[in-house]
Amino acid sequence: IVVTVAPLASLRGRLQAGAARPSDFVVVLAPADPGDGTQPVRVAYPDAESRFGFSGLTPGKYRIGAQTAAEASQARWTSDAARMTELELRAGASTEIDLPAPIAPKNP
């Protein structure tokens, strides 16, 4: 039996939150094609310096986006492709991204 093993990928990033606190946001990484559901949606909370990371990822296409933590529990926003950026992760590579934080809607 021949077993081919491909190296995993990783993703490191920095949330561009402007004057907002990084802890006010959550970052989600989801497979671009959910397929059979074996690739879970992953969530990361940026640290005090706005950094976040994901490791042990199967190479392929993903969608990444940020949402305010308060809104994350109220909406199914991971399926909204307009709020996410698509990227491809390569085997054995560490990808870096600067991710813009969403602009909070202004209250009238």
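A residue counts as buried when its relative accessible area is under 20%. That cut-off is used in the legends below, which describe a predicted model.

**View 1. A66, a buried residue of strand 5.**
A66 is found in strand 5. Its relative accessible area is 6%, so A66 is buried. L15 lies 51 residues away from A66 in sequence. In space, the C-alpha atoms of A66 and L15 are 8.1 Å apart.

The predicted model holds one helix and seven strands. The order of elements is β-β-β-β-β-α-β-β. Of the 108 residues, 31% count as buried. Which share of the contacts with a separation of 6 or more comes from residues 24 or more positions apart? Such pairs account for 70%. The accessible surface of the protein comes to about 7100 Å². Carbon and sulfur atoms make up 52% of that surface.

**View 2. Strand 2 against strand 5.**
Strand 2 covers residues 25-31, and strand 5 covers residues 60-68. How many bridges join the two? There are seven, in the antiparallel sense. Two facing pairs can be picked out here. F25 stands opposite T68 of strand 5. V26 stands opposite Q67, also of strand 5. A66, the buried residue of View 1, is found in strand 5 as well.

**View 3. Strand 5 against strand 6.**
Strand 5 also pairs with strand 6 in the antiparallel sense. Five bridges hold this pairing. What is the bridge partner of G60 in strand 6? It is L89.

**View 4. A nonpolar patch on the surface.**
I1, V3 and V5 form this patch. Together they have about 440 Å² of accessible area. Where is I1 found? I1 is in the segment before strand 1 (9-16).

Definitions and conventions:
Residues numbered from 1 in each chain as written. Predicted model: local features only at pLDDT ≥ 70, side-chain atom pairs only at ≥ 80, totals over all residues. Heavy atoms only, no water. Helix = DSSP H or I, 4+ residues; strand = E, 2+ residues; numbered from the N terminus. Buried < 20%, exposed > 50% of the residue type's maximum accessible area, 1.4 Å probe, protein only. Contact = heavy atoms within 4.5 Å. Areas by Shrake-Rupley, 256 points an atom, 1.4 Å probe, with all protein chains shown as cover. Pairing = 2+ DSSP bridges. Patch = residues over 30% accessible without salt bridge, like charges linked within 9 Å, V, L, I, M, F, W, Y side chains within 5 Å. Salt bridge = Lys/Arg side-chain N within 4 Å of Asp/Glu carboxyl O.
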